[in-house]
Amino acid sequence: MGTQLEIVEQSISTQKWKVAQKELNTAQIRWENNKTWWTVLLDHQEIDNIDLSMNRLEKYIATQDISLSLAEVTTLKLQVDHISDSEKPNLQNIL
């Protein structure tokens with residue numbers, strides 16, 4: 001999903017709204033396909049936050065709001081990165 005979100009961010013920056021929407025749709029499909037598995041491992045609040053962020057980003061792209069779209073895609077990327085970091089097996093996560 002990270003790759004799609006990077007493309008979404010670049011597309012928003014260059015105001016290529018159709019590309020941004022297409023890549024967001026791809027990210028949403030990937031998220032929906034994997035969400036069931038993640039619900040076993042993650043706090044439901046994190047999953048809800050990602051769902052809400054994706055919905056907001058979709059609306060911001062639809063209205064072609066650059067500032068809000070860039071802010072929301074950055075938030076979404078941080079949320080996805082947080083999941084990745086928190087689920088990696090390391091000493092900090094074990095203790």
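Which residues touch the most other members of the largest nonpolar core? They are Val 8, Ile 12, Trp 31, Leu 57 and Ile 61, and the core has 20 residues. Please keep in mind that this is a predicted model.

**The overall picture**

The protein chain contains five helices and zero strands. Followed along the sequence, its pattern reads α-α-α-α-α. Of the 95 residues in the protein chain, 35% are buried. Contacts between residues at least 6 apart in sequence can also be sorted by separation: 59% of them join residues at least 24 apart.

Helix 2 gives the most, with six residues.

Not counting residues up to four places away in sequence, Trp 31 touches Met 1, Trp 38, Ile 47, Ile 50, Asp 51, Met 54 and Ile 83.

**How two helices meet**

Two packed helices are described by the angle between their axes and the distance between the axes. Here, the axes of helix 1 (residues 2-13) and helix 2 (residues 17-41) cross at roughly 160° and come within 8 Å. Angles over 145 degrees count as roughly antiparallel, and therefore helix 1 and helix 2 are roughly antiparallel to each other. Their crossing is left-handed.

Which residues make this contact? From helix 1 come Gln 4, Leu 5, Ile 7, Val 8, Ser 11 and Ile 12. Helix 2 brings Trp 17, Val 19, Ala 20, Glu 23, Leu 24, Thr 26, Ala 27 and Arg 30. Sorted by class, the contact has nine nonpolar, three polar and two charged residues.

**A buried serine**

Ser 53 is located in helix 3 (residues 44-62). Is Ser 53 buried or exposed? Its relative accessible area is 0%, so Ser 53 is buried. Leaving aside neighbours within four places in sequence, Ser 53 is in contact with Glu 72, Thr 75, Leu 76 and Gln 79.

**Residues in the loops**

Most residues other than glycine have a negative phi. Gln 15, although not a glycine, has a positive phi of about 60°. Gln 64 is not a glycine either, and has a positive phi of about 55°. Gln 15 sits in the loop between helix 1 and helix 2, while Gln 64 is in the loop between helix 3 and helix 4.

Asp 65 also belongs to the loop between helix 3 and helix 4. How far apart in space are Asp 65 and Gln 15? From C-alpha to C-alpha they are 9.5 Å apart, although 50 residues separate them in sequence. Leaving aside its neighbours within four places in sequence, Asp 65 is in contact with Trp 17 and Tyr 60.

| Residue | Relative accessible area | Class |
|---|---|---|
| Gln 15 | 47% | partly exposed |
| Gln 64 | 48% | partly exposed |
| Asp 65 | 27% | partly exposed |

Note on methods. Residues numbered from 1 in each chain as written. Predicted model: local features only at pLDDT ≥ 70, side-chain atom pairs only at ≥ 80, totals over all residues. Heavy atoms only, no water. Axes fitted to C-alpha atoms, helices over the stretch in contact; angles between N-to-C directions. Helix = DSSP H or I, 4+ residues; strand = E, 2+ residues; numbered from the N terminus. Parallel < 35°, antiparallel > 145°, perpendicular 65-115°, else oblique. Left-handed = near helix turned anticlockwise from the far one by under 90°. Contact = heavy atoms within 4.5 Å. Nonpolar A, V, L, I, M, F, W, Y, C, P; charged D, E, K, R; others polar. Buried < 20%, exposed > 50% of the residue type's maximum accessible area, 1.4 Å probe, protein only. Core = buried A, V, L, I, M, F, W, Y, C linked by side-chain atoms within 4.5 Å.
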